Structure formats: structure tokens, C-alpha cells
Amino acid sequence: MPAARRRPEVVIVGGGFAGLAAARALQQSPARVTVIDRHNYSLFQPLLYQVATAALSPADVAAPIRSLLRAANTEVLLDEVVGVDVERHRVRTAGGRDVGFDFLVLTTGSQYNYFGHDAWRAFAPGPKTLDDAVEIRRRLLLAFERAEMCADDGERRALMTFVVVGGGPTGVEMAGAVAELAKATLVRDFRRIDPASAHILLIEAGPELLGAFPAKLGRYAEKALAKLGIEVWLNARVEHIDAEGVVANGRRIAARSVIWGAGVAATPVAQWLGVRPDRHGAVDVNADFSVPGHPRIFVVGDVARALGADGKPLPGLAAVAKQEGRYVGALLRDRIAGNKAATAFRYRDYGMMATIGRSAAVADLRGFQFTGRVAWLLWGGVHLYFLIGFRNRLVVLINWLWAWRTYARGARLITGRGPSRPVAPAPRRPSPAVP
């Protein structure tokens, strides 16, 4: 009697957009699929800035990976991959596991790029992970609380100065959300300070906002931010960040809250594979997303330098990662089933969007450009569609409608790492005379 044929082992590193799409495409295959992620949840990163500004709670933008991948052939491991043995076809994890694979799919995403100034990370977190978003929320809310108790005018101004670095979609969305938090949500909550007087500064090194968008949309974004009372510095290069604030173009800005959104770099997949990365840390891949010289190893999403039909690298967008992951999963499913022929990957460009504030957004959809409320509604619809899970879609929609109607934000909780820094007490207001 012939021996049973061994089932192929597919290891997927990362449970984000690309990793989930690849795993789901393999659910009906005879392969054994192992998904490894250092978190037990899949995160919808495009809405992290709303967690950071108390518009949404962390549970609204994340869902447990195990609840999303329940196929009998799929196993989920809560661990962190720290290396790949290319010759032995094994991945090493921080938990001491040595997991073998027949096919490996690396979808570990990106991280914020501080351009050689990694010390700035402690003073200027960016909304890239759930922990980062909660930490930003903590810092923003604590700034107002400390300003309320502060007797020193200079320190109070620094506490109520908020600097956002980077004029791309993340920076624009973050600056607008901070402005709405300060000038609309918190105005009724404090007695000694006026949150509406907060100074919000957006710093961009380039000559215009939203550089990847048509120039018309960048100009609209700048005007919309100005209406929210946000000061925009263009052609301004950040030279230093510390606990006291920011230095840009030789000018010191005293600010206790700095948020980074100026660029991303790939996670160290190139180092694991022993290949040379591009300047953003991404790995050059073949047309089928396999690594040159390693036909059983695939790199997908933000860590892949894949070229589109126009010969330009595909952007680091959720839609790109999902399509790439789905393609590689289907490719492996067919290959394991013995179907060698595969169609070439073709990215369907859904365009780019960014929201600026209440009823204001920009959208570039295959050459059709929208601004204002129409773009804002399109932005909301697209993000609800891509959000993971029906429950999350429903909760986020209700929160958005409630916030739009009342300006209220229900996730204003100060949690996370570390206590608040003590401040000099402000004098108490005299109590009214009681007859």
C-alpha cells in the first residue's frame, strides 16, 4: 500500500491585509497553512488615527485573527518571526519555534521611517500600531489635563501646541482630527483653559501637501486645514525632536505633543533573506511576487517592491496588499493542485483618498477628482467596506454618525504606559459668594 502523500506546508508571516487574503485563498486547498503574527488581532491601519484622537476605540478597528481564519487546514500561532533559514526552508521565532515550510509568504508590513534619527521615535510616535495609537491618545488627552492644572503661561502654551510631522494622508488626517478634538469635542470639558485655542502645526518637507495626489487636491487640503485653524509649514525640514518640542528650519517650536507621519520603511524581511533592499527597505520581487532565486518564497504588501503596468512601484495601500495577497494565495492553491499555468497579476487601481475634517476630504479615483462632502462620503463608504467584520462596520458607522451629529467622542480614556508628568498647580478660581 503506497504511503500517504505529505500535505504541503504553507507558512504565512503576518496577519494583516495581505496575510489574511492569502490565507483565505488557501482555505480550500490541501495544504497545511500556518499564520504567524506577534499580535492576536488583525488591524485596520487606515483608521488608527481615529483611535489616536479618541474618535474610535481600539476594538473598533481590530478583530481576532483566529475568528477570521477558522478553516480546518489553517493554524494560527501567536509568535514573532525573527529570521528565515532560506536553505533549510524554516522560519525562526522569538518563542524558540523552528517552523518548516514548503512555501513561505512574508507579509510583515512597514514601520515609520525616522530617516536615521531613531531617537526621535520616543518623542514623536506615529499611528502605525494599536499600542502607538493608544499612546498618542494618552499624550494628547494628558496635554489638556496638564494644561488645565498648569500655572506657568509658557508651559501651558507648550502643552497646548501640537505638532504633526508629514504632509501625506496620515499627517493631514491626523492634524484635522486633532483640531476637531480640541476645537469641537473638548471645549465644554474644561474650566481654566480653552481647548479651542490649541495651536496645531503641520510640518511638511516638500512644497505641497499630499504630494502623491494631484496638486489641485493638495491645495484644497491646505485651505481646508486653514479653516480648522491649523498652521501649515511647507518646505520645512525637521532637524531635531526632543521632550521639549521640535526644531524645523532652524526655529524651535515648544510643544509637548509631537506626532510622526513623515514616511515608512519596510520591516527587515530583506535582512532575513540575505538580499539587498531598496532605499525603503523593500525587497525586489518577480512578477508572481516570488523572490529572485527563491521560487518558493513570496514577499507581499509593503515589504515588496512590485512594479505596476506603468513600470512604477505599486503604492503601499490596503487595496494593493489585499489584491497581492489574494493573488499569491490563489497561485499557491493552483500550484499545489498541479495547475502550473497562472495568470499575471494585474492591480486594479481604486484611487487614493484622504479625509481632512468634518465633511471635508479629497479623492482621486482613476482620474476623477472629488473634494468636500462628496469626497468625504466616498471616503467613509470605502473605509467601511474594507473594515474587517460586520460588527466593526456597524459600530464604526454608529460612532461616525453620532460624532457628526453631536461632536462627541466616546473613547476619551487615558490609558497606556507611564504616569502624567507633574506640573505647577494653577490658582483656583474664587468661589462665588454665598449670601
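**View A. Ala 304 sits in strand 22, which covers residues 304–305.** This is a predicted model. Ala 304 has a relative accessible area of 10%, so it counts as buried. Now look along the chain to Leu 141. Ala 304 and Leu 141 are 163 residues apart in sequence. Their C-alpha atoms are separated by 37 Å.

**View B. Asp 284 and Arg 305 meet in a salt bridge.** Their side chains come to 3.4 Å, N to O. How exposed is Asp 284? Its relative accessible area is 36%, so Asp 284 is partly exposed. Arg 305 is also partly exposed, because its relative accessible area is 29%.

View C. Side chains of opposite charge can pair when their charged atoms come close. One partner of Glu 135 is Arg 138, with the closest N and O atoms 3.0 Å apart. Another is Arg 139, where the closest N and O atoms are 2.7 Å apart. Now place these residues on the helix. Glu 135 and Arg 138 both lie in helix 4, three residues apart, which is about one turn. Glu 135 and Arg 139 are four residues apart in helix 4, so about one helical turn separates them. Glu 135 is buried, with a relative accessible area of 4%. Arg 138 is buried too, at 10%. Arg 139 has 24% relative accessibility, so it counts as partly exposed.

**View D. Four charged residues are linked in a network of salt bridges.** The members are Asp 85, Arg 88, Arg 90 and Asp 98. Across the model, the count comes to 21 salt bridges.

**View E. Lys 128 is buried yet has no salt bridge.** Find Lys 128 in the loop between strand 10 (110–112) and helix 4 (130–149). Which side chain of opposite charge is nearest to Lys 128? It is Asp 302, 4.5 Å away. A polar contact of 3.1 Å joins its side chain to the side chain of Ser 110.

**View F. Ser 29 reaches a backbone oxygen.** Ser 29 is in the loop between helix 1 (17–25) and strand 2 (32–37). Its side chain comes to 2.9 Å from the backbone oxygen of Leu 26. Is Ser 29 buried or exposed? Ser 29 has a relative accessible area of 7%, so it is buried.

**View G. Leu 210 has a positive phi value.** Leu 210 is not a glycine, and its phi is near 50 degrees. Look for Leu 210 in the loop between strand 12 (199–203) and helix 7. Its relative accessibility is 1%, so Leu 210 counts as buried.

**View H. Arg 366 also shows a positive phi without being a glycine.** Its phi is about 55 degrees. Arg 366 lies in the loop between strand 24 (360–365) and strand 25 (368–371). Where Leu 210 is buried, Arg 366 is exposed, with a relative accessible area of 54%.

**View I. Positive charges gather in a patch on the surface.** Which residues make up this patch of positive charge? They are Lys 216, Arg 219, Lys 223 and Lys 227. Take Lys 223 as one example. Lys 223 sits in helix 7 (residues 215–227). Its relative accessible area is 60%, so Lys 223 is exposed.

**View J. Three residues form a nonpolar patch on the surface.** The patch consists of Phe 390, Leu 394 and Ile 398. How much accessible area do Phe 390, Leu 394 and Ile 398 have together? The value is about 330 Å². Ile 398 is placed in helix 11 (residues 390–406).

Methods
Residues are numbered from 1 along each chain as its sequence is written. This is a predicted model: local features need pLDDT of at least 70, side-chain atom pairs count only at pLDDT 80 or more; totals for chains, interfaces and linings use all residues. Side-chain values use heavy atoms; hydrogens and water are left out. Patches are made of residues with over 30% relative accessible area and no salt bridge: like charges are joined within 9 Å, nonpolar side chains (Val, Leu, Ile, Met, Phe, Trp, Tyr) within 5 Å. Accessible areas come from the Shrake-Rupley method with a 1.4 Å probe; for residues, only the protein chains shown count as cover. Lys and Arg count as positive and Asp and Glu as negative; His and the chain ends are not counted. The place of a charge is taken as NZ of Lys, CZ of Arg, CG of Asp or CD of Glu. Helices (H or I, at least four residues) and strands (E, at least two) are DSSP runs, numbered from the N terminus. Buried means under 20% relative accessible area, exposed over 50%, partly exposed in between (1.4 Å probe, protein chains only). A polar contact is a pair of N or O atoms within 3.5 Å; within protein, one must be able to donate a hydrogen and the other to accept it, and residues adjacent in sequence count only if both atoms are side-chain atoms.
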